[in-house]
Amino acid sequence: MLAAHARTEARLTLRNGEQVLLTLLIPLALLVGLSLLDIIAMPDPRVDQVTPRVFALAVMSSAFTGQAIALGFDRRYGVLKRLAATALPRWLLVAGRVAAALAVVAVQVVVLGLAAFALGWSPSAGGLLWAVVLVVLGTLAFGALGVLLGGALKAEVVLALANVIWFVLLLAGGIVLRADALPSGMAAVVRALPSGALTEGLSQALIDGSTPAWWVWVSLLAWGGLGAFAATRTTKLT
């Protein structure tokens with residue numbers, strides 16, 4: 001049941017043109033644009049600096065924004081209520097969405113990774129395993145926050161708010177500009193955000209080949225835990 005539900009959710013996501021634009025085409029365009037164009041000052045090779053940021057954006061786009069919007073409209077049209085009335089237990093409804101989000105993120109990372117290699121990306125082999133762990137943890141953390149947003153508010157509000165949050169975190173949440181490029185006060189705030197923590201962790205793993213700093217793990221675990229805890233108390237079926 002879990003495999004069938006996850007497969008269905010993943011298929012619905014990848015069939016949706018708006019979701020594909022958000023989760024794949026925009027990150028791909030940013031990867032190519034920021035790697036080839038000198039828009040933001042960063043060390044050479046630029047693609048090595050850009051790729052971890054785009055991976056973080058892809059995780060946020062799929063697990064948070066896409067998840068929140070899909071859940072909001074599933075509630076609006078009664079899909080969630082009807083699924084809850086079937087033989088599927090509620091824990092499986094959540095687990096299926098999580099598994100589908102992980103599958104979609106895996107597709108994103110593979111496609112973006114291949115594009116990055118074509119642009120000359122040379123990641124540190126010693127950090128690849130840490131990067132995989134961070135992508136999974138980031139997906140779970142952003143997924144919990146997506147369920148929290150999409151499960152509590154009206155679909156139209158979720159649509160607007162999820163896109164605003166996505167845009168703000170992209171520009172000021174440590175993705176386009178890493179925390180170490182910001183003033184110290186702002187940098188501390190950005191590092192505490194899940195987007196900043198994931199970007200910093202992936203950069204440390206893939207650029208430096210080092211174990212991500214302890215605060216990266218604490219930030220992602222805290223956001224994921226708090227988001228999941230709050231979502232269990234606020235999510236509505238309709």
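Which backbone oxygen lies 2.7 Å from a polar atom of the side chain of Thr51? The backbone oxygen of Val47 does, a polar contact in the sense used here (a pair of N or O atoms within 3.5 Å, where within protein one must be able to donate a hydrogen and the other to accept it, and residues adjacent in sequence count only if both atoms are side-chain atoms).

The model is predicted, with local features requiring pLDDT of at least 70 and side-chain atom pairs pLDDT 80 or more, while totals for chains, interfaces and linings use all residues. Residues are numbered from 1 along each chain as its sequence is written, and side-chain values use heavy atoms, with hydrogens and water left out.

**Helix 3**

Thr51 lies in helix 3; helices are DSSP runs of H or I with at least four residues, numbered from the N terminus. Helix 3 covers residues 46–76 and reaches 43 Å from its first C-alpha to its last, close to the 45 Å expected (1.5 Å times one less than its number of residues). At Ser61 helix 3 bends by about 30°, the bend being the angle between axes fitted to the seven residues ending there and the seven starting there. Gly78, with a positive phi near 80°, follows helix 3.

Relative accessible area is computed with a 1.4 Å probe on protein chains only; buried means under 20%, exposed over 50%, and partly exposed in between. Contact means heavy atoms within 4.5 Å. Neighbours up to four places away in sequence are not counted for Thr51 and are likewise left aside for Thr211.

| Residue | Relative accessible area | Contacts |
|---|---|---|
| Thr211 | 47%, partly exposed | Trp130, Gln204 |

Thr211 lies in the loop between helix 9 (194–208) and helix 10 (214–234). Its side chain makes a polar contact of 3.4 Å with the side chain of Trp130. The C-alpha atoms of Thr211 and Ala131 are separated by 9.4 Å, although these residues are 80 apart along the chain.

**Cavity**

A cavity is a set of points on a 1 Å grid over the protein atoms alone where a 1.4 Å probe fits but cannot get out; lining residues have an atom within 4 Å of a point. The count is one cavity of 30 Å³ or more. The largest cavity has a volume of about 40 Å³, and its lining includes Leu30, Arg53, Leu57 and Ile175. Helix 2 (17–36) and helix 3 are the elements giving two or more residues to this lining. Helix 3 gives the most, with three residues.

Conventions:
On a 1 Å grid over the protein atoms alone, a cavity is a set of points where a 1.4 Å probe fits but cannot get out, and a pocket is an open set with protein on both sides within 12 Å along at least five of seven lines; lining residues have an atom within 4 Å of a point. Grid points are joined across faces, edges and corners, and a volume is the space filled by probe spheres set on the points.
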